[in-house]
Amino acid sequence: MSQTRNGTNSGNESRFHGNGASNGNGSHGDHGSSPIPRSPLFKKCDTFDKAEALRRVGMYPYFRMIESAQDTEVTIDGRRMIMLGSNSYMGLTNDPRVKEAAKAAVERYGSGCAGSRFLNGTLDIHVQLEEEIADYLGKEAAIVFTTGYQANLGVISALTGREDNVFIDRTDHASIVDGARLGFGRVHKFLHNDVSDLDRMLGNSNSRGKLVVVDGIYSMEGDIANLPEIVKVARRHEAAILVDDAHAIGVLGNQGRGTADHFNLTDEVEVIAGTFSKSLASIGGYVGADKSIIDFLRHHARSLIFSASMAPACVAATQKALQIIKEEPERREKLWANTEFLRTGLQSLGFDTGESETPIIPVVVGDSERCFLIWRALHEAGVFVNPVVAPATPANRALIRFSVMATHTTEQITEALEIIEKSMKSLGAMPATA
Ligand SMILES: Cc1ncc(COP(=O)(O)O)c(C=O)c1O
C-alpha cells in the first residue's frame, strides 16, 4: 500500500487486494488472477525433499536453535545439553574479558564499518590486528578478511591465474575448493594426505605457478596435514604452499601459532590462512605471508575489496582472545588433556576414532541412516554433536563429529561418555568389540 506524503493512503488498494484490476505494469501485484509462470529454475527447489524427509521422521540435525551462549553447555528447547560440537576450542566465546572488549569497541566505533577495507572500512584496530596476527604467525605481514571463507576465496583466486595450477587435498574445506574454482588456474585434487599422489600430480604438471593448499588440521576427521613431507615434495617441484589453519590456530604449535609452527616449518610455508571463528571466539579471516604477497592481495582479493570489513566488536574480541591465548598456556594444556580424555574414553567404548590426533574426534559409524539415528539418540539424551555424511565424508564413512573445548570440565566429559554408552546400548549401536 503506498502512502502520500502526509501519511494517508493514496487510495489504490485495489491494485493489491484482488479485484482483478491491473497494477499498471501487467505482471506484479495481482497474483490471484494472473499468477507469474513458474520458472524451470525453481524445479530443483520444488522437488527438493531430503530435508523435509528427515524432518518428518524427527532426524533433521541442522539449524538447531541454541538459546544460550556457545559454551560447554548450551540450552536448546529449554533443555541443558553438553556441547561437544563446537569449534570454540579455547572456550573463549563466552569469556567475560572477550565480551567486555567487544562491548567497548561498539561504544567507541559503533556497530559496523559501512564499507570495505579498501575504501571507508579500515579502522585503526583492523591495522593493529593485522600487525598482531603477522607477529603471531611469524610472517612479515597479514591481512584480515570478514570471514575465513572469504580469506580462502580471496587468496587462492587472486594468486592463481590461467597459467597456474592449484593442488588441493580431496578433503580440504569447501572454502578452499570454492577459492580454487573462482581462480582461473586448473585444479587438481590429490588423495587425502597422500604425499606420493601429490608428488605424482606435481610431476605431471608443467604449469608456470603451482600452489599446494592443505588444511592444517582436517575439519571432519581431526588429523593433521603431513606438512614435513608436503614441504619436501613441494620444494622438489617448485610449488608454493598455503596452509589453512582454521582449526589449528590456538591449538597447535608454540603458543597456538598453528601447524607450520608445530612442525617448525613457518619459513617453508609461504602463505598461512585461517579464521577467527573458532579458537579466536569471533568472526573474521586472515592471511599471513611476506609483504609483497599481502600488498598484492590488498589490491586483488575480490572478497576483501568488494565486501564490508570486519565489524569493530569482532576485531576487538579477536584481539582480546589472541592476547588470552598467548598469555594462558594452561588453556591449551587443558584442551589437550580434555582431548585425550574424550578420545580414550570413546576408544575404550570400542569406537573407531579414525586418525584423529586433535580436539576434533570422529566416531566413524558407516552409513548415513545409522549416523542420523545415533545423532538423534544423543540429542535426545542431552549431548550436542554433529553428524557428518557424504559428500562431506566418503560414502559409507558417515561419522559423528565430536569436538572438545579447553573449558570442558572432567565431570562434563565423564557425564557425556556415560550418556553415549547408555544411548548406544539402548540403540543396539555399540561396536562389536565393546
Ligand atoms: C578449514 C576451514 N577453513 C575455512 C573455514 C571458514 O571460516 P569462517 O567460518 O570464518 O568462514 C572453515 C570454517 O568452517 C574451516 O573449517
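The questions and answers below concern a predicted model.

Reader: Which helix gives the largest share of the shell around the ligand?
Author: The ligand has 14 residues around it, and Gly148, Tyr149, His173, Ala246 and Thr275 come nearest. By class, this shell has two nonpolar, ten polar and two charged residues. Three residues, the largest share, come from residues 148-159, which is helix α5.

Reader: Which strands are at the edges of the open sheet of three strands?
Author: The sheet has the order β10-β13-β12, with antiparallel pairing. An edge strand pairs on one side only, and this holds for β10 (360-366) and β12 (386-388). The edge strands are therefore β10 and β12.

Reader: Which residue of β13 is the bridge partner of Gly366?
Author: Strand β13 covers residues 398-403 and pairs with β10 in the antiparallel sense over six bridges. In this strand, the partner of Gly366 is Ala398.

Reader: What angle does the direction of helix α14 make with that of β13?
Author: Helix α14, residues 368-381, packs on the sheet and touches β10, β12 and β13. Its direction and that of β13 make an angle of about 35°.

Reader: Is Leu137 buried or exposed?
Author: Leu137 lies in helix α4, residues 124-137. Beyond its neighbours within four places in sequence, Leu137 is in contact with Ala142, Arg257, Gly258, Ile272 and Gly288. A residue is buried if 20 or more other C-beta atoms lie within 10 Å of its own. Leu137 has 26 such neighbours, so Leu137 counts as buried.

Reader: How far apart in space are Leu137 and Gly258?
Author: In sequence, Leu137 and Gly258 are 121 residues apart. From C-alpha to C-alpha, their separation in space is 7.6 Å.

Definitions and conventions. Residues are numbered from 1 along each chain as its sequence is written. This is a predicted model: local features need pLDDT of at least 70, side-chain atom pairs count only at pLDDT 80 or more; totals for chains, interfaces and linings use all residues. A residue is near a molecule or strand if its C-beta atom, placed from the backbone, lies within 6 Å of it. Helices (H or I, at least four residues) and strands (E, at least two) are DSSP runs, numbered from the N terminus. Ala, Val, Leu, Ile, Met, Phe, Trp, Tyr, Cys and Pro count as nonpolar, Asp, Glu, Lys and Arg as charged, and the others, Gly among them, as polar. Two strands pair if DSSP finds at least two bridges between them. Two residues are in contact if their C-beta atoms, placed from the backbone, lie within 7 Å. Axes are lines fitted to C-alpha atoms, for helices over the stretch in contact, and angles run from 0 to 180 degrees between N-to-C directions. A residue is buried if 20 or more other C-beta atoms lie within 10 Å of its own, exposed if 12 or fewer, and partly exposed in between; C-beta atoms are placed from the backbone.
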